[in-house]
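Please follow this walk through the structure with the model open beside the text.

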Amino acid sequence: MLKKLFNPFRLSRLRKGPKQPTVLDAHEHRLSCADFSRNSANVAVRLQHAGFQAYLVGGCVRDALLGVTPKDFDVATSATPEEVRHEFRNSRIIGRRFKLAHVQFGREIIEVATFRSGHSQDDEGTDSDLSSHNASGRILRDNVYGSMEDDAQRRDFTMNALYFDVSNEKIYDYANGFTDIKNRLIRLIGDPEQRYLEDPVRMLRAIRFAAKLDFTLEPSTAEPIHRLAHLLHDIPAARLYEEVLKLFLSGHALRTYELLCEYNLFAPLFPGTAKALLKQPAYVDRLLRNAFKNTDKRISSERTVTPAFLFAALLWPALTVRAVSLQHDGMHPLPAMQEAANQVFLEQIHRVAVPKRFSIPTREIWDMQERLPRRAGKRADTLLAHPRFRAGYDFLLLRESSGEDTQGLGNWWSEYQDASDSQRREMISNLSSKSGAPRKRRRSKPRTSKPTHMDPGQP
Ligand code: ATP
Ligand code: MG
């Protein structure tokens, strides 16, 4: 029992003496076990019964205190991942950089993390399998276990270092997080610059929480971000992809975007779009804002949102700049669009690795923008039956709402969808009478001018 409580794995460096947490009683914080998912509370109880320390921790305690429904529930424990695995048949060990156990109950996964110590590079010794840093101090692996107090100190923000004990409904607060939550402040634990150097993703997390919770970054937490934003270049693109989804699909995309721009964090994530923002600030900013507003609205009304649409919008400004420049070099509009899409994704996946299951539909949404103006003959009906029509049409409306002149194309498609068969035939024949019958003329010279439906121009 004693062995379990004092984790045998590897004791963190000797400290001057343990720091006592502030202990908050139920009448002070007003939370009870009922504020947490039954499964998460059961996991903590079972680990305690097996002789380990176990608490609900992190976002679920923070959100519950704020009256926000927690997205997921995390448990921190003195049990090692292997000991957790042994305790729960429905669990598995995941991660290498940060090893932890997932306990699965139907669709709910409870993340159980072993107390870790916030070790420095000097402590690393020879066991690089447990922990390692790169030259700039970034944590590459973080599997040195420690005490509950160590665990609190290695967490990112004070508001995320609160531990709720299901057995007595007390909260243990090692970093003054309770007061910061009351004052709606995001404050890094420890020296801000060093904490960002250890893990630059904390800069994105600060922005995400500020947007989600409508909190303010405390000045010393905010100050280094402008200077250190470039550190995001060193983060693996797969991790940034996960973060980007959290940033933009949590229902506060618009505010997140504003804060990312304010703190110079947008350009390291989306360099091509950031360049387009400099070239055509009014149009690009409006397009992105409208896209985020729509996304937030869909999420708040519990409608689905696909990352493919989000990336279509986020990268469209970069795409159009490229496509127009390729056309200026003499390329036809269609291949220019294809080539621009290749180039944009090639650049983007080094920063944010969009998986194929989303980049392919993103490209289909873009292709639709080329196809939607071509409606003659049977083309309109073929397009209407296309699985990507709806997303393509929504995207067209988004472009129009941002000031792109598509010569009423969005309206035409809105009417066409509501029209009867005979009305549709009439709409198609009006189309050909306006522009003449569908022609099969070939151009003798490659077109070099910009097609209006591709180029947002200067709205
Ligand atoms: P949410 O789940 O609402 O996104 P969260 O705070 O629970 O917010 P998670 O990513 O689930 O965020 O992480 C759980 C906890 O792990 C955090 O509250 C924090 O204490 C700790 N944590 C997560 N990421 C980091 C990090 N990069 N550096 C330090 N601590 C972290
Ligand atoms: Mg969480």
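Helix H9 passes H12 in a right-handed crossing, where a crossing is called right-handed if the near helix is turned clockwise from the far one by less than a right angle, and left-handed if anticlockwise. The two helices pack at an angle of about 140°, with their axes 9 Å apart, the axes being lines fitted to C-alpha atoms, for helices over the stretch in contact, with angles that run from 0 to 180 degrees between N-to-C directions. That makes H9 oblique to H12, since angles under 35 degrees count as roughly parallel, over 145 as roughly antiparallel, 65 to 115 as roughly perpendicular and the rest as oblique. On the H9 side Leu204, Ile207, Ala210 and Ala211 meet Arg255, Thr256, Leu259 and Leu260 of H12, a contact meaning heavy atoms within 4.5 Å. By class, this contact of H9 with H12 has six nonpolar, one polar and one charged residues; Ala, Val, Leu, Ile, Met, Phe, Trp, Tyr, Cys and Pro count as nonpolar, Asp, Glu, Lys and Arg as charged, and the others, Gly among them, as polar.

This is a predicted model, in which local features need pLDDT of at least 70 and side-chain atom pairs count only at pLDDT 80 or more, whereas totals for chains, interfaces and linings use all residues. Residues are numbered from 1 along each chain as its sequence is written, chains are lettered from A and ligands numbered from 1 in the order in which they are written, and side-chain values use heavy atoms, with hydrogens and water left out.

The secondary structure of the chain comes to 22 helices and twelve strands, where helices (H or I, at least four residues) and strands (E, at least two) are DSSP runs numbered from the N terminus. Of the 459 residues in the chain, 50% are buried, buried meaning under 20% relative accessible area, exposed over 50%, and partly exposed in between (1.4 Å probe, protein chains only). Among contacts between residues at least 6 apart in sequence, 70% join residues at least 24 apart.

H9 (residues 201-213) also packs with helix H11 (residues 237-248), at an angle of about 10° and with the axes 10 Å apart, which makes H9 roughly parallel to H11. Here Val201, Leu204, Arg205 and Arg208 of H9 make the contact with Arg239, Leu240, Glu243, Lys246 and Leu247 of H11, and by class it has four nonpolar, no polar and five charged residues.

The crossing of H20 and H21 is left-handed. In H20, Phe389, Arg390, Tyr393, Leu396, Leu397 and Glu400 meet Leu409, Gly410, Asn411, Trp413, Ser414 and Gln417 in H21, a contact with six nonpolar, four polar and two charged residues by class.

The loop between H20 and H21 holds threonine 406, which is buried, with a relative accessible area of 10%. Not counting residues up to four places away in sequence, threonine 406 touches Leu396, Arg399 and Glu400. Glutamine 407, placed in that loop between H20 and H21, is exposed, with a relative accessible area of 62%. Its phi is near 55°, a positive value in a residue other than glycine. Most residues other than glycine have a negative phi. Asparagine 264 also has a positive phi, near 65°; asparagine 264 lies in the loop between helix H12 (253-262) and helix H13 (266-269) and is partly exposed, at 42% relative accessibility.

Proline 81, in helix H5 (residues 81-87), is buried, with a relative accessible area of 0%. Not counting residues up to four places away in sequence, proline 81 touches Ile93, Lys99, Leu100, Ala101, Thr114 and Tyr145.

Which protein residues are the donors of the magnesium ion (ligand 2)? They are Asp72 (OD) and Asp74 (OD), lying 2.3 to 2.8 Å from the ion, where donors are N, O and S atoms within 2.8 Å of the metal (3.2 Å for Na, K and Ca), and sites may look incomplete because water is not among the atoms. Aspartate 72 counts as partly exposed, at 33% relative accessibility.
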